[in-house]
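Here is a short report for a first look at this structure. Keep the model open while you read.

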Amino acid sequence: MFQNPYVNRHLRKSVSIESEPALMFDSVYVFAIGLQTLDQSNTLNLPNLTCDEEIPWNGGLSLINYVNAVEWKGLTGPIQFKEGQRVQFKLDLIKLKQHSIVKVGEWTPHGHLNITEPSMFFDSGSMNVTLVVITILETPYVMMHYEKNFTGNERFYGFCVDILETISHEVGFDYILDLVPDRKYGAKDPATGEWNGMVAQLMKYKADLAVGSMTITYARESVIDFTKPFMNLGISILFQVPTSEPTRLFSFMNPLAIEIWIYVLNAYFLVSICIYIVGKLSPIEWRYIHPCDLDNISIGNQFSLSDSFWFTIGTLMQQSTDIYPRAISTRIISSIWGFFSLIIVASYTANLAAFLTTERMINPIENAEDLASQTEISYGTLDSGSTMTFFRDSMIETYKKMWRSMDNKKPTAFTTTYEDGIKRVNQGNYAFLMESTMLDYIVQRDCNLTQIGGLLDTKGYGIATPKGSPWRDKISLAILELQEKGDIQMLYDKWWKNTDETCTRRSTSKQSKANALGLESIGGVFVVLIAGIFVAAVVAFFEFWFNFRCHDKARPIHPGVNHDQGVILESEWTYTPLNRCFWIEIFEELRFASWCMNKQKRPELNRVCSECKIPQKPI
């Protein structure tokens, strides 16, 4: 029915044939071979067909098997099937050059695409094509020399200018670089639906490319095209470096909260009074004062009120006292108080080093939620930029709240350039929402600024082209190649991490040494020490004064000698009050203390009280 020689002889007469008719011819020819083979093995009965009933044809499965078994060399090459798919064929990948068509690779079902001539995709020489490229000034992406000796493209320099220059050599084109007239990236006016900035220039085909820190967004992608992103980033918050918390004189009290100090003080008084009461109630705490004096039997208790308070404070301060509980009840209270003191002292000591050596910063905001929930700090972003569009179109409640706040303060919340926003942040009480890459560049050069929180979103910078531009795919391939070779990363390090421009920021890592403690940190301890010495001196003064007033001193006078007994009778003693001066006596005490520093005893200096019994030896 269909013979190969006839077919080949008939087709050789044609000079050329398109791929679609050739594929159609091969498909019909393969089907005819399968149908002819089925007719040779089985009698074909073709019943009448109707659209009302679904009656399957019994020979359908056999026909499919015969078609899969066909092996034939057609117009499109060898034809062979496996599980219903065509195998053992290849497609040539060709590239249209200026004067010819060149094969640059091939595609097979197993090996897929194989580029045999990758150099044909990028011409080393110029194609004599000059593109109009628009940009916007933004440090460090695009900057400008304002000197008169710079003209044309030499006026511009920066990260994006270096990328454009590299891509132009890789792809093969010349360019004329100029600024966008309205100095805006491009945003859609919700009221009029009109675009501005570089997006409008591309939509009107007044430029071939737009290069700069231009964010790829859904709205922009719907009206213009973007290449593959050459940089990934997100929105973050630029804010002033938080000020250090002022060091207080009594910083040593910071490890425990003020309420804990109050509770410890109350516990001290409570335990002291409990020990005093329990010591009085327990008979074991009472002891005979002079057990050998049977005529004057008296008992005493070591837990007086003052001694109870001294024992409690001594235990809390880890000091040993000369008072030791004897009864089980007082020992239980003492043990519990000792355990309580151990925990309090250990907790205080553990936190003391961290509180005194770690510098604490007063940061009013930590993230976008903190910024949205307060009204003292103003915030804004760049006008007609992707960041403004992000907050305007966001469906997240926090960002919607931030947009309402910025929109109500319009135009003061928005800035025309990044420099204006950075200046307002340095003036204080203002947070600027901007891209993380630009923020990173700023904080590395200004140690007074910092990044607050993480990224609010993720996006990328790309080179924009008009819709359907043939340059988009070529530039995208060049960008991918530059990323794989690390050229873009090297350009990033060149413009972002230049050590001649970056500031030296104090390290806050865990390996950094602890801050040395100054007087402003622990000066309160010296204040407490001096205050304690002063209070002790005042108390000692009043003790001396009380003793001077309440204990009279007199000189004994001998009335005579009783020769019968040889001693002076007690009833015959008389006492003469001394002429005493308070300041002279305290001066004598101080003089003795200064002369006899190591002596624990001193003479009475002929001063006795009126109740003393002074025996007299016989004369």
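## A nonpolar surface patch

Helix H17 (residues 519-550) gives the largest share of a nonpolar patch, 8 residues. This is a predicted model. The patch lies on the surface and has about 920 Å² of accessible area together. Its members are Phe-534, Val-535, Val-538, Val-539, Phe-541, Phe-542, Trp-545, Phe-546 and Trp-583. Phe-546 has its place in helix H17.

## An open sheet

Five strands make an open sheet: it has 5 strands in the order E20-E19-E21-E14-E22. The pairing is mixed. Strand E20 (414-415) and E22 are the edge strands, and each pairs on one side only.

Strand E19 (residues 378-382) runs parallel to E20, and the two pair over 2 bridges. Thr-381 has Phe-414 in E20 as its bridge partner. In general, strands of a sheet pair through backbone hydrogen bonds, either parallel or antiparallel.

Asp-446 sits in the loop between helix H14 (436-443) and strand E22 (449-452). Is Asp-446 buried or exposed? Asp-446 counts as buried, because its relative accessibility is 19% and the cut-off for buried is under 20%. The side chain of Asp-446 reaches the backbone nitrogen of Asn-448 at 3.1 Å.

## Salt bridges

How many salt bridges does a search of the whole structure find? The search finds 13.

One of them joins Lys-103 and Asp-92, with the closest N and O atoms 3.3 Å apart. This pair links distant parts of the chain, 11 residues apart. Lys-103 is in strand E5 (residues 101-108), and Asp-92 is in strand E4 (residues 91-96). Lys-103 is partly exposed, with a relative accessible area of 39%. Asp-92 is also partly exposed, at 47%. Both residues belong to a network of salt bridges that links Lys-90, Asp-92, Lys-103 and Glu-106.

Asp-225 forms a salt bridge with Lys-467, and here the closest N and O atoms are 3.4 Å apart. The partners are 242 residues apart. Asp-225 lies in strand E12 (residues 225-226). Lys-467 lies in the loop between strand E24 (464-465) and helix H15 (471-485). Asp-225 is buried, with a relative accessible area of 7%, whereas Lys-467 is partly exposed at 39%.

Glu-397 and Arg-404 also meet in a salt bridge through their side chains, at 3.6 Å from N to O. Arg-404 counts as partly exposed, with 41% relative accessibility.

How values were computed: Residues numbered from 1 in each chain as written. Predicted model: local features only at pLDDT ≥ 70, side-chain atom pairs only at ≥ 80, totals over all residues. Heavy atoms only, no water. Patch = residues over 30% accessible without salt bridge, like charges linked within 9 Å, V, L, I, M, F, W, Y side chains within 5 Å. Areas by Shrake-Rupley, 256 points an atom, 1.4 Å probe, with all protein chains shown as cover. Salt bridge = Lys/Arg side-chain N within 4 Å of Asp/Glu carboxyl O. Helix = DSSP H or I, 4+ residues; strand = E, 2+ residues; numbered from the N terminus. Buried < 20%, exposed > 50% of the residue type's maximum accessible area, 1.4 Å probe, protein only. Polar contact = N/O pair within 3.5 Å; in protein donor to acceptor, adjacent residues only side chain to side chain. Pairing = 2+ DSSP bridges.
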